[in-house]
Amino acid sequence: MLKKYLAIYRYMFIRSLQFRTELAIYVVLDVLPFFVLLFMWQAAFAGKDVINGFTLPQITQYYFLVMFIERVTSSYFENWRSTEIREGKIDYFLTRPFSYINEILSKDLGGKVVSLLISIPGLLAAMVLMSLIIPVEPLTITAIHATVFAGFLILGYFMQFCIALWIVLLTFWFEGSAGLEHFKWISVTLFSGAMIPIEFTPEWLQKIYAVLPLKYIFAVPINYIQGNILLTPRLGLEVFFSFLLMVGITKILWSKAVYRYSSAGG
Amino acid sequence: MTDTPLISVKNLSKHFKVYKKQPGLWGSIKSLWHREYETVKAVDGISFDIHEGEIVGFIGMNGAGKTTTLKMLSGLLYPTTGTPSVLGYNPWERKAAFQKQFALVMGQKNQLWWDLPAIETFHLNKAIYEIPDEQFEKTLNKLVKLLDVEDIIQIQVRKLSLGQRMKCELIAALLHNPKVLFLDEPTIGLDVVMQKTLRDFIKAYNKEFGATIILTSHYMDDVKELCERAIIIDHGKKIFDGKLQDIIDKYARNKILSLVFSKSVTKKDLAAFGTVKEFSEDGTHYTATLLVARKEAATTASKVLSKLPVVDVTIEEPPIEAIIREVFSKEKAKK
C-alpha cells in the first residue's frame, strides 16, 4: 500500500534535483527578508537593553529559530494544485486506486527533503555569518529537548500541510485561490508568532492567538526549546487534539469537495 | 456472454449550474454583486445496458454529453440523477477493487509524466495498480510489440509526436489489464494512418483480453470499424441505440465523392451521376462533390472516371454530424 506513494516520493525527489539552481535562488530569497528584519530590531534596540522582556540577543535567537522552523514546516503547493483542480487535471488520481491527498503529501515530502538538504547548510552558514555582526544568544539543548522539538517540527509540518490543503480544496467552490493564499500567509505568520514574538502584539491579537492552534507551529516550539515553557501533559494533549481537528476538517472538506468536481476539459 | 449486463445505466443525468457572464468590463463589474446562473443539462435521462465483450460507440456532436456520461461511469462526476453500475460497482464510491478493473483514456488529456520518458509512468502505474512483476513484464512486452513503440518509450514524453504519445497513453492505461475500457476520442487530432493503427490495436485488445469497450469519437470510420452497436446522444438525450449498420443503411444512404477535374465540366454532366453538393471553377481549378448512393459508390466512381476528365477522386463517409442531423430530424418527425 505504502509502496505506491514511495514511488511518487522517489519521482519528486529526482525531479527536484533537476532544478537545483532554482532551489539555491529560493534559499537566498527566503533568508534575505530576515536579515532586513534583524537590522530593524538592532535599530529598535539602540540605547535600550530590554524591550518587553527581550534582549537583542534573545530576539535574534528567536528569529533564527523562526527561520529554521519555517524551512522545515512550510508547504507551498497551493498555487499549482489549485490550477490543477480548476483545469480538471486530477482525473488521473480520481480514476485510479490512489488517493489525491496522499499524492500531494508524497510529492511535497519528496521536494521537502531536497530543499532541506540544500537550505539547512546555507541557513547555518548565514547564522554564523550574522552572529559576527549581531549578538545571538547561544542555545543549550539537551537530547530530550531536541527530540521533543523534532516532534513539534513534524507536527508543525503536518499542520502547515493541512492549511495549504484547505486552500487547495476551497478551489472546488471558488474560482480562484490567489487571495486565499495570501490570507493563509498573513494569518499563519501573524497568529503563529512567526512575524513577531506574541508579547509585542496588541491584546486583541493575543486573544485570537490563544484560541488558534497556529501557535503550535512556531511560538510554542520556540518557547519550549528556549526553556521558557515545559511540555506538560496538558500541552501535549492540546497540541495533539488541535492536530486531530485539523486532519478532521481536511477529511470533511475533501469528501464534500469531490461532489463539486467538474473535471473541466476533454 | 452472460445475461447480466456489465454496465447498466438507468435514467442518468448530470446538470451543471453555469454562471453567465456578460461580456466586457462592465459585465465583469456587474457580476461582482449579481450573477445569473443557468442550468445546463449535459446528460438528461440516459439509460442503456452493455454486456461483456461488447464494443459500443458513443456518437454525438460536441457537447452532446458523451464525455460527461463516461466521466460519470468512471466515478469522476457525481450524477444528478440515476446510479450507474459498472462491473457491479457504483463508480462514485471509487473502490480500489473497481478502479483496478477499468481504465479511462481521454484523447484530450494526458496522464504521462511530461518531463520523463513514458517507461517511468509505466513503472509508476505498476506501483499504483500493484501489478505483479511478471504480469507487468508480460503485458508491457505485448503492448509495446502490438503498437510498435520499442524505440520511443525511453524518450521524454514532451519530445514525442501526438500519435506516439497516444500510443504510450494507451499502454499506460492498459498495463493492469482492465476489463472495462472507456476511450474518449482516442484518435482525435491524429492522421489517417495513425487512426488506423490505433483502431487495429483497440480491436486486437478487445479480442485478446475480451475487454468491454465504450468508445466516443468524431470520426465515422472509428465507429464503423470498431463498433457493432452505437448509441447516439444529442443534447444529453439518447436518440438511437442499436446496430450501427442499421443507422448507416437507414440514414447514411449516401457516400461523398470528391472530384478534381483537369478541364471545365458542366453541372449538368455531373448531375447524371448523383446529387451535386458543391461545384466550383475559377478558371484553373475545377472541383465538385457529389452525393451518390452508398451501394453504387464504386461503380459510379468508375463511370465518372471514364466519362469525365478526372484528375483526382476520393470516396468518403459522410461526416458524423450529417448523419446525426439526419437521424435527429427523422426521429423527431416520427413523434
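Colleague: Which residues line the largest cavity?

Modeller: On a 1 Å grid over the protein atoms alone, a cavity is a set of points where a 1.4 Å probe fits but cannot get out, and lining residues have an atom within 4 Å of a point. Here A:Phe54, A:Tyr62, A:Pro197, A:Ile198, A:Glu199, A:Tyr209, A:Ala219, A:Asn223 and A:Gln226 line the largest cavity. This is a predicted model, in which local features need pLDDT of at least 70, side-chain atom pairs count only at pLDDT 80 or more, and totals for chains, interfaces and linings use all residues. Residues are numbered from 1 along each chain as its sequence is written, chains are lettered from A and ligands numbered from 1 in the order in which they are written, and side-chain values use heavy atoms, with hydrogens and water left out.

Colleague: How many cavities of 30 Å³ or more does the structure hold?

Modeller: A volume is the space filled by probe spheres set on the grid points, which are joined across faces, edges and corners. The structure holds three cavities of 30 Å³ or more, and the largest cavity has about 60 Å³ of space.

Colleague: How many residues does each chain bring to the contact?

Modeller: Contact means heavy atoms within 4.5 Å. Chain A brings 23 residues and chain B brings 30 residues. Buried area is the accessible area (1.4 Å probe) that two parts lose on being put together, summed over both. Between chain A and chain B the buried area is about 2,500 Å², with 61% given by carbon and sulfur atoms.

Colleague: Which residues form a salt bridge between the chains?

Modeller: Side chains of opposite charge can pair when their charged atoms come close. The rule asks for a side-chain nitrogen of Lys or Arg within 4 Å of a carboxyl oxygen of Asp or Glu. The count between chain A and chain B is one salt bridge: A:Asp91 pairs with B:Lys109, their closest N and O atoms being 2.6 Å apart.

How values were computed. On a 1 Å grid over the protein atoms alone, a cavity is a set of points where a 1.4 Å probe fits but cannot get out, and a pocket is an open set with protein on both sides within 12 Å along at least five of seven lines; lining residues have an atom within 4 Å of a point.
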